[in-house]
Amino acid sequence: MSKNKNTYAESGVDYSAMDPIKVLAQKKAASTSSQLLAFKANEVTESRGESAYVWEENDSYRSLVIEGLGTKNLVADVMRSVTGKSHYDTIAKDTIAMIVNDLVVVGALPQVVNAYFAIGDSKWMLDEQRATDLINGWAQACVESGASWGGGETPTLKNIIHPDTIDLAGSATGIVSPKSNLVLGEKLTAGDRIVLIESSGIHANGITFVRSMAEKDSTIYSQKLTDGRLFGEAILTPTHLYVDFVKRMQELKTDIHYMVNITGHGWRKLMRANKNFTYRLSDVTVAQPEFVFMQKTVDVDDSEMYGNFNMGAGFAVYVPEKEVANVLKSAEVCGFKAVDAGCVEDGPKQVIIEPKSIVFAGDSLEVR
């Protein structure tokens, strides 16, 4: 394997700097859990460190998550001059997907989504096409997720946010019902299969790296990929929503042992569960042309790509071997390709991607 010439950290996103603070925040957050007792509710401690927080209320579990889009809308702003489209309808879907895809990994289905639209100058809202696309796209993505758009916040943050941009984020509350649908990795065991569900492309993670490429070469968004699309258009492909996929697996009463939404930290996320296992991948998903283009254009090695991007796999499901057919069928019905890619083994916490000769040791993922 050749030495990296470019890394995600060099673009300004360094997990080794951020993860220790996240760990500290998780520990401090855990110290507040007793506050729930005043409402006759109980924290599900095992949810600490998962994508979504879970607590128990009577005959169901409730779950909460908050997520942000990141900087994908900045690519949309650039590409508008090329395509004539604002792209904010799909940018809204990206934001919703970042939220609800984290929620469903614990088995919760979204009920209510709240929005956070922060701008640096009120004039941002005067662009009627862009603002209308955002609103309509947000509402449509809520419908596709089976959730109500409850409300939100639209602050104007001068000197914090650039006047020509918007910071998009939101939260979602979901329900796990019946309680048996809760998924926190407690049943994860050696012998379980790892099924990878395709992504639609880069989703909304790693965009800062993409933008760092554009800073070095302003023509990069307009360059054609092998499938004929412009690189900038491919990057703006909206993120898959995995809500219906998880819902269908629940309807089939699939015995799900764990799930992962593959975003930050890339395939290292496959060892996110609290238990120490070796996660061996004997097969990989097909990485979309935009990943291949990125890797060749800026000379990034496989380990850096798979350690930070989804590389064609946006979601992972861990099940007993007898349940693989149910997962593959659910994916097919929902329009997704899926790969029975590997297995869970006894051994040290690590991810082994055999076709790429990549090993991610457990200590390379400091947060859960």
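Analyst: The axes of helix α7 (residues 243-251) and helix α10 (residues 324-333) come within 9 Å and cross at roughly 135 degrees. That makes α7 oblique to α10, since angles under 35 degrees count as roughly parallel, over 145 as roughly antiparallel, 65 to 115 as roughly perpendicular and the rest as oblique. The model is predicted: local features need pLDDT of at least 70, side-chain atom pairs count only at pLDDT 80 or more, and totals for chains, interfaces and linings use all residues. Numbering starts from 1 along each chain as its sequence is written, and side-chain values use heavy atoms, leaving out hydrogens and water.

User: Which residues of α7 and α10 make the contact?

Analyst: Contact means heavy atoms within 4.5 Å. From α7 come F245, R248 and M249, and from α10 come V327, K329, S330, A331 and V333. By class, this contact has five nonpolar, one polar and two charged residues (Ala, Val, Leu, Ile, Met, Phe, Trp, Tyr, Cys and Pro count as nonpolar, Asp, Glu, Lys and Arg as charged, and the others, Gly among them, as polar).

User: At what angle do α3 and α4 pack?

Analyst: Axes are lines fitted to C-alpha atoms, for helices over the stretch in contact, and angles run from 0 to 180 degrees between N-to-C directions. Helix α3 (residues 88-103) packs against helix α4 (residues 128-145) at about 40 degrees, their axes being 7 Å apart. α3 is therefore oblique to α4. Residues of α3 in this contact include Y88, D89 and A92, which meet residues of α4 including R130, D133 and W138. The contact of α3 with α4 has nine nonpolar, three polar and five charged residues.

User: How many cavities of 30 Å³ or more does a search of the whole structure find?

Analyst: On a 1 Å grid over the protein atoms alone, a cavity is a set of points where a 1.4 Å probe fits but cannot get out, and a pocket is an open set with protein on both sides within 12 Å along at least five of seven lines; lining residues have an atom within 4 Å of a point. The search finds one such cavity. Its lining consists of E50, S51, V105, Y258, M259, V260, N261 and R272, of which four are nonpolar, two polar and two charged.

Notes
Helices (H or I, at least four residues) and strands (E, at least two) are DSSP runs, numbered from the N terminus. Grid points are joined across faces, edges and corners, and a volume is the space filled by probe spheres set on the points.
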